[in-house]
Amino acid sequence: MKFTLSWLKEHLETEATLDDITYALTDLGMEVEGVENPAEALGAFRICRVIEALPHPNADRLRQCRVEVWPNGPDKPSEEVQVVCGAPNARTGLVGVFAPVGTHIPGTGVDLKPGVIRGVESNGMLCSERELMLSDDHDGIIDLPADAPMGMRFIDYARQNDPVIDIAITPNRPDALGVEGIARDLAARGLGVLKAKAPAAIKGGFASPVNVSIDADVQEKGCPVFCGRVIRGVKNGPSPRWLQDRLKAIGLRPISALVDITNFFTFDRNRPLHVFDVARVSGDLRVHWAEGGETLVALDDKEYTFEPGMMAISDDNGVESIAGVMGGLATGCTAETTDVFVESAYWDPVTIAATGRRLKINSDARYRFERGVDPAFTPVGLDLAVAMILDLCGGEASDMVVAGAVPDTARSYRLDTARVSSLVGMDIAAETQLQTLKALGFTLDGMDVSPPTWRPDVQGPADLVEEIARIASLTGLQGAPMPRVETGVTRPVLTPMQRREAVARRTTAALGYNECVTYSFVDQASAAMFGGGSDATMLANPISSEMSHMRPSLLPGLLQAASRNQARGSADLALFEVGPVFHGGEPEDQEMMLTGISVGHTVPRDAHGSRRPVDLYDAKADAEAVLAAIGAPAKLMIRRGCSGWWHPGRSALVTLGPKIVLGAFGELHPKVLDALGVKGPVVGFAIHIANLPFPKAKSATRPALELSALQAVDRDFAFVVDKEVEAEAILNAARSADKVLIGEVAVFDQFTGAKAEAQMGAGKKSVAITVHLQPVAATLTDKEIEAVSAKIITKVTAATGGTLRG
């Protein structure tokens, strides 16, 4: 929304400076996007007189001019300077515009400096309109009348000194799309007094030859009221200079008096209007819903096709206007127009917005109607425009034609003056609140407040509070600490599960993984690959076909991220994510997980040969580190049973006992990697963060370190077992021999292959384990050690069918 300072002062009596006004506008919620102040760009250009213009001694097309200038203003002594000018109209006695040395020329972007042109000094410039960005004319320098006041600033003489203010209007403030509405807000803030504008008193001299009708279904939903007057005997010439200057200042092109008047009221009072040429209208006008398929060449010379549900204005010949959006070319005004019908109507905002979008028309009328104009101003705005037409174009007005009735928008809300403090945090006196609402045009009946018809955005008591706070300025808010609910040490804000997630995230990052944040949506094929993809997790309105289902696992997003990185040359990756996965459509089917993947090699290439591909033991070590950090016990079970997206022979589950699954680790299945375009192998782990039970005893400190003073004993055993027997089965059996004395059990050697089978029999292998015995009450005797060893042999033999290797 653009307007000039002088235009604003037509509605606001104020002594405020431009800076005060722009600051207040932004503070009131109408952000100033820019100010074009001609004084900043053209203030140095002054009217001058060419004393003498002689041919340049060294150039045929140049003139050596002696110029009388008034650098300090018309009331100060003049000076004489020499200027070399190439304009064909440079002559003795010419009155023009002079730019002194040091001036920035906006049309060329040049800063003037003293110069020597073909051996002759030049100190300044005689300017053309193009150099001052007044027009594209650069055939000669500006030639002013001989009686132009010497030494006056050219912008003052040409009346180009009016600052243009450009503000951003939020969609809920249609009243601010008129200069009067902006002035009202500034007056309420205290920057001046709003000038009262009396309604025009138009007395019709004859009955309108053009009548209007609104179809019943349109009047109910689309156009409740339509007003108009015929003016006969008008002269549609150019508009006066003041009107053209205002329209040019805000970027509009003056066309004719009739068109310029309608554009003026669109921006001045937020009242879009349209003028029909009566000679081109056949019969009466009718407002109706389009049936679809009708065509119209609009005022922008483009042809538009109506769709069902759009509103149209038709005469006996057919559609003549796109209601509330743009008029038709066939019934538009020309220089030969003598009789006109001036339209002022109220249109439904939703219908206008839909029509404008579908037809792709962005007009000033549509912009205002779709936000909501003042319905009560419909007949008043018509008479104001008719009065200006009669004043500028002459003619005689008819009686007003009114179809329908102005819609009733009356409503009232109870103002609670104490609520301002609770909602906004500002203490504003009750009398000040009431005066603020009055200044904005609200009607008061005690504490019952009725919004004006031009404020459709006020829909409740909270909006009243917002208006009061907006005018008072939210810059008056004073920061204050929030009151403490409890005294003493505050309770933790994070839940135990949130703290566990934070620890898991930090631990994984410390292991060298980079955290990813991927979409919670995946395509159906990827979801099915990881155990999901059912209708229960399908989105009703997906962003795209590649995001149709809620993810059943974090692995699809991580693998897709790895694929994108590999495509860009990053081969060695370690990625992880903490986030929810979805096993169904109910809230209880959501689970928080931590998943990490490693691709490529463990370290960059070096001269020490330490580089190797990642394997499942890397994933196992990282999974155990994360589980230990979130409080899992040291003794966990490793067993088979991973899902199908893990490699069947290179993956395992981590469980707490036989039933509680804490996670899985291992290598991803090659088929999964091929489907997602990842160059493998890829190892990873997935932790069920919530499956680990929280400790029953809560303590803010770590338990004390317990060190035994008794001598520990290590015993080694080698068992011959079938080669299908897993080492974990041997370890678990050995641990169960004595849960008190046996601390750690680990495999330290395996003997497999043809040589092993040649010594121990076909299908056999040897597994050597070490068992750490830690006494509790007294140092172990040889007899006690032998007894524990015998239990270990018995347990392993019973569990695996193996024998102690001799």
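Where is glutamine 459 found? Glutamine 459 sits in the loop between strand S29 (448-450) and helix H14 (461-472). Before I go on, please keep in mind that this is a predicted model.

So what does glutamine 459 touch, leaving out residues up to four places away in sequence? The answer is Arg411 and Tyr413. A polar atom of the glutamine 459 side chain also lies 2.7 Å from the backbone oxygen of proline 456. And if you want a sense of scale, glutamine 459 and arginine 269 are 190 residues apart in sequence and 23 Å apart in space, C-alpha to C-alpha.

Let's go inside now. In soluble globular proteins, nonpolar side chains tend to be buried together. Here, the largest nonpolar core has 109 residues. Those with the most contacts inside this core are Leu25, Ile167, Ile182, Leu186, Phe226 and Trp347. Helix H11 (residues 377-393) gives the most to the core, with 8 residues.

Take isoleucine 182 from that list. Beyond residues up to four places away in sequence, isoleucine 182 touches Met1, Phe3, Leu8, Leu25, Met30, Ile167 and Ala176. Leu25 belongs to helix H2 (residues 18-27), where Leu18, Ile21, Thr22, Ala24 and Asp27 are buried along with Leu25. What do the buried residues of H2 pack against? Their partners are strand S1 (2-4), helix H1 (5-9), strand S3 (32-36), strand S13 (164-167), helix H5 (179-189) and H14. H2 is followed by glycine 29, which has a positive phi, near 105°.

On to charges. The count of salt bridges in the model comes to 36. One of them pairs arginine 173 with aspartate 185, with the closest N and O atoms 3.0 Å apart. Arginine 173 is in the loop between S13 and H5, while aspartate 185 is in helix H5, 12 residues apart. Are these two residues buried or exposed? Both arginine 173 and aspartate 185 are buried. They also belong to a network of salt bridges that links Arg173, Asp175, Asp185, Arg455, Asp457, Glu467 and Arg470.

A second pair is arginine 232 with glutamate 396, where the closest N and O atoms are 3.6 Å apart.

Now please find glutamate 68, in strand S5 (residues 63-69). Why does glutamate 68 count as buried? Its relative accessibility is 15%, and buried means under 20%. The glutamate 68 side chain makes polar contacts with the side chains of arginine 49, at 2.5 Å, and serine 78, at 2.9 Å. Those two are among the residues that glutamate 68 touches, together with Cys48, Ile51 and Glu79, again leaving out residues up to four places away in sequence.

Last stop, the surface. Val297, Leu299 and Leu329 form a nonpolar patch there, with about 220 Å² of accessible area together. Leucine 329 is in the loop between strand S23 (326-327) and strand S24 (339-346), and its relative accessible area of 36% makes leucine 329 partly exposed.

Note on methods:
Residues are numbered from 1 along each chain as its sequence is written. This is a predicted model: local features need pLDDT of at least 70, side-chain atom pairs count only at pLDDT 80 or more; totals for chains, interfaces and linings use all residues. Side-chain values use heavy atoms; hydrogens and water are left out. Patches are made of residues with over 30% relative accessible area and no salt bridge: like charges are joined within 9 Å, nonpolar side chains (Val, Leu, Ile, Met, Phe, Trp, Tyr) within 5 Å. Accessible areas come from the Shrake-Rupley method with a 1.4 Å probe; for residues, only the protein chains shown count as cover. A salt bridge is a side-chain nitrogen of Lys or Arg within 4 Å of a carboxyl oxygen of Asp or Glu. Helices (H or I, at least four residues) and strands (E, at least two) are DSSP runs, numbered from the N terminus. Buried means under 20% relative accessible area, exposed over 50%, partly exposed in between (1.4 Å probe, protein chains only). A polar contact is a pair of N or O atoms within 3.5 Å; within protein, one must be able to donate a hydrogen and the other to accept it, and residues adjacent in sequence count only if both atoms are side-chain atoms. Contact means heavy atoms within 4.5 Å. A nonpolar core is a set of buried Ala, Val, Leu, Ile, Met, Phe, Trp, Tyr and Cys residues joined through side-chain atoms within 4.5 Å.
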